[in-house]
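The entries follow the order in which I looked.

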Amino acid sequence: MDIVVAMRPRLVEWFFDDEALARLEALGRVTLVGSYADLTSGDAPAALAGAEVLVTGWGTGPVDEAVLDSAPRLAAVVHSAGSVRHLVTPRCWDRGVQVSSQAAANAVPVAEYALAMILLAGKDVFRAQRVYRSRRHPVDQQEVLAGRGNYRTRVGLVGASKIGTRVVELLRPFDLEVVVHDPYLSEERAAALGVRAVGLDELMATSRVVSLHAPMNESTRHMVGAAQLALMPDGATLVNTARPGLVDEAALLAELVSDRIQAVLDVTTLDSDPDSPVWDLPNVVLTPHVAGALGGELRRLGDGVVTDVEALARTGRIPAAITAEAFALLA
């Protein structure tokens with residue numbers, strides 16, 4: 001098998017340990033190309049001429065028709081990161097090229113982050129620490145946290161995506177009521193997940209914590225707008241680990257400045273302005289896009305790449321390959 005790896009050298013080091021590289025090399029010839037950012041230039045075309053598998057990553061140039069023309073033997077594009085939305089085109093499926101990504105592996109740390117923030121928000125820890133710091137002396141916890149806690153609290157998840165579904169699974173051990181809004185979630189599947197499917201407005205109006213896990217596309221842009229944010233109960237928390245565009249952030253900022261609700265933002269465009277009030281708002285937990293795989297967690301994604309290539313070598317198929325229909329819905 002002829003395997004071409006089109007990734008930044010630093011990413012290869014981060015994603016693949018010696019064992020993973022040895023597994024990959026055991027499957028055939030592995031070629032690392034320097035022209036990963038433009039697969040039509042430099043050493044890429046010559047390498048792609050005989051490639052059967054193309055391994056891509058963050059920063060890899062698009063696998064468009066010109067690239068496919070230069071790789072007549074290509075059987076699969078195996079992406080080491082999450083979304084392939086801006087990497088490949090429908091021409092891959094037209095040509096019978098399988099496409100896979102490590103979205104499921106990357107869903108693990110994102111869901112873990114969401115779980116942690118949901119539980120902390122449910123117990124109102126963020127507000128409690130604000131009160132504690134402002135008073136600078138012991139406080140009456142029962143007074144500060146009256147009516148809060150993670151017992152029979154409703155948590156609303158927007159999107160039954162890979163990450164959303166994983167969050168549902170992680171929340172099962174806790175005494176919480178979980179509701180989900182997703183236009184593609186049937187009542188049967190909701191029952192199988194152990195959740196209740198509800199409309200977006202009901203979810204926003206009745207959930208103490210709302211966590212976003214929907215894909216970003218034209219139908220979901222600003223799905224959480226001023227009207228939906230106004231429905232949130234006073235003191236409720238919005239958690240966004242998905243995409244900034246799911247929320248009307250101007251409307252969100254207005255709500256946050258009023259201190260009526262709280263937010264945990266791992267993705268936002270508000271951070272593009274160094275003078276934005278969001279930097280100083282005490283009711284906002286702002287993290288620099290750390291929910292996804294980082295550090296040693298990247299090795300999980302690298303192992304997933306090798307597993308996909310091994311399956312292709314063994315059976316000719318990648319079990320979790322992305323379908324053309326699923327591609328149209330990807331974030």
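**Ground rules.** I am working with a predicted model, in which local features need pLDDT of at least 70, side-chain atom pairs count only at pLDDT 80 or more, and totals for chains, interfaces and linings use all residues. Residues are numbered from 1 along each chain as its sequence is written, and side-chain values use heavy atoms, with hydrogens and water left out.

**Entry 1: α6 and α9.** I describe two packed helices by the angle between their axes and the distance between the axes. Helices are DSSP runs (H or I, at least four residues), as are strands (E, at least two), numbered from the N terminus. I looked up helix α6 (residues 103-122) against helix α9 (residues 162-171) and found an angle of about 50 degrees, with the axes 8 Å apart. Axes here are lines fitted to C-alpha atoms, for helices over the stretch in contact, and angles run from 0 to 180 degrees between N-to-C directions. α6 and α9 are therefore oblique to each other; under 35 degrees counts as roughly parallel, over 145 as roughly antiparallel, 65 to 115 as roughly perpendicular and the rest as oblique. The crossing of α6 and α9 is right-handed (near helix turned clockwise from the far one by less than a right angle; anticlockwise is left-handed).

I then listed the contact (heavy atoms within 4.5 Å). On the α6 side are A103, A104, A107, V110, A111, E112, A114, L115 and I118, and on the α9 side K162, I163, R166, V167, L170 and L171. Sorted by class, the contact of α6 with α9 has 12 nonpolar, no polar and three charged residues. Nonpolar covers Ala, Val, Leu, Ile, Met, Phe, Trp, Tyr, Cys and Pro, charged covers Asp, Glu, Lys and Arg, and polar covers the others, Gly among them.

**Entry 2: α2 and α14.** Helix α2 (residues 18-25) and helix α14 (residues 298-315) have axes that come within 10 Å and cross at roughly 15 degrees. I therefore note α2 and α14 as roughly parallel to each other, with a left-handed crossing. A20, R23 and L24 in α2 meet D303, V306, T307, V309 and E310 in α14. I count four nonpolar, one polar and three charged residues in the contact of α2 with α14.

**Entry 3: aromatic pairs.** My search of the whole structure gave two aromatic pairs (ring centres within 6.5 Å, using the six-membered ring of Trp; planes under 30 degrees apart are stacked, over 60 edge-to-face, the rest tilted). F15 and W58 are edge-to-face, at 5.4 Å centre to centre with 75 degrees between the planes. F15 is in helix α1 (residues 9-15) and W58 in the loop between β3 (53-56) and α4 (65-69), so the pair ties together parts 43 residues apart in sequence. F15 is buried at 1% relative accessibility, whereas W58 at 38% is partly exposed (buried is under 20% relative accessible area, exposed over 50%, partly exposed in between; 1.4 Å probe, protein chains only).

W93 and F327 form a tilted pair, 4.9 Å centre to centre and 40 degrees between the planes. Both W93 and F327 are buried.

Entry 4: T241 lies in the loop between β10 (237-240) and α13 (249-257) and is buried at 9%. Beyond neighbours within four places in sequence, T241 is in contact with residues including V110, Y113 and H213.

L265 sits in strand β11 (residues 262-265) and is buried at 1% relative accessibility.
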